[in-house]
Amino acid sequence: MRNLYWMKMMAGNKNINKHYEVINKMNKNDYYVLNWFDKAKEDYFKLDGEQIVFVDKALSRIKIMGMEAGQQLYGKLHNCRKLKNRKKKGLRIVFKEGNFFKDIDIIDIIVIGKRTDDEVYLEAEKRLNNEI
């Protein structure tokens, strides 16, 4: 029932700025803080209501589990992990461990996108190279 509410509320991304603020708030069960690459924020704001439901659940999982969430990536992205949507949406979140700040563990959100032709992974490599 709650998912249906969120899907209706987020339809057309009408309140996405407020929603983005809510997902980034630190809750008592969270052990990690999210740090977003600028382009990853843009990826988030392009999502539709159904995709936001998946992404928000995944981000909550990352905030609790950190680098234990998702699957390890290989090759140039060996220091990153991914969470993927199993419901044929092809959506991926690529993230890595960020720097520590005053005893706070940070997780960097690199990219949110579709796996089509490994596009999301190529974009993650590009963003990481530009970060240096």
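The following paragraphs lead the reader through a predicted model of one protein chain, from its overall layout to a few selected residues.

In this predicted model, local features need a pLDDT of at least 70 and side-chain atom pairs count only at pLDDT 80 or more, while totals for chains, interfaces and linings use all residues. Residues are numbered from 1 along each chain as its sequence is written, and side-chain values use heavy atoms, with hydrogens and water left out.

The chain contains 5 helices and 5 strands; helices (H or I, at least four residues) and strands (E, at least two) are DSSP runs, numbered from the N terminus. Read from the N terminus on, the order of the elements is α-α-β-α-α-β-β-β-β-α. Of the 132 residues in the chain, 44% are buried, where buried means under 20% relative accessible area, exposed over 50%, and partly exposed in between (1.4 Å probe, protein chains only). The chain exposes about 8,600 Å², and carbon and sulfur atoms supply 50% of this area; accessible areas come from the Shrake-Rupley method with a 1.4 Å probe, and for residues only the protein chains shown count as cover.

Confidence is expressed as pLDDT, the predictor's confidence in each residue, from 0 to 100. The average for the chain is 82, and 83% of the residues score at least 70. Over residues 1-13 the pLDDT stays under 50.

The interior comes next. In soluble globular proteins, nonpolar side chains tend to be buried together. A nonpolar core is a set of buried Ala, Val, Leu, Ile, Met, Phe, Trp, Tyr and Cys residues joined through side-chain atoms within 4.5 Å. The largest such core here has 33 residues, and Ile 62 and Ile 109 have the most contacts inside it. At least two residues of this core are supplied by each of β1 (32-36), α3 (38-45), α4 (49-65), β3 (80-84), β4 (91-97), β5 (105-114) and α5 (119-131). The largest share, 6 residues, comes from α4. Not counting residues up to four places away in sequence, Ile 62 touches Tyr 32, Leu 34, Ala 69, Leu 83, Ile 93, Phe 95, Ile 107 and Ile 109, a contact being heavy atoms within 4.5 Å.

Rings of Phe, Tyr and Trp (its six-membered ring) pair if their centres lie within 6.5 Å; planes under 30 degrees apart count as stacked, over 60 as edge-to-face and the rest as tilted. Trp 36 and Tyr 44 form an edge-to-face pair, at 5.4 Å centre to centre and 75° between the planes. Tyr 44 and Phe 45 have ring centres 6.0 Å apart and planes at 75°, so this pair is also edge-to-face. Trp 36 is buried, with a relative accessible area of 7%, and Tyr 44 is buried at 0%, whereas Phe 45 is partly exposed at 29%.
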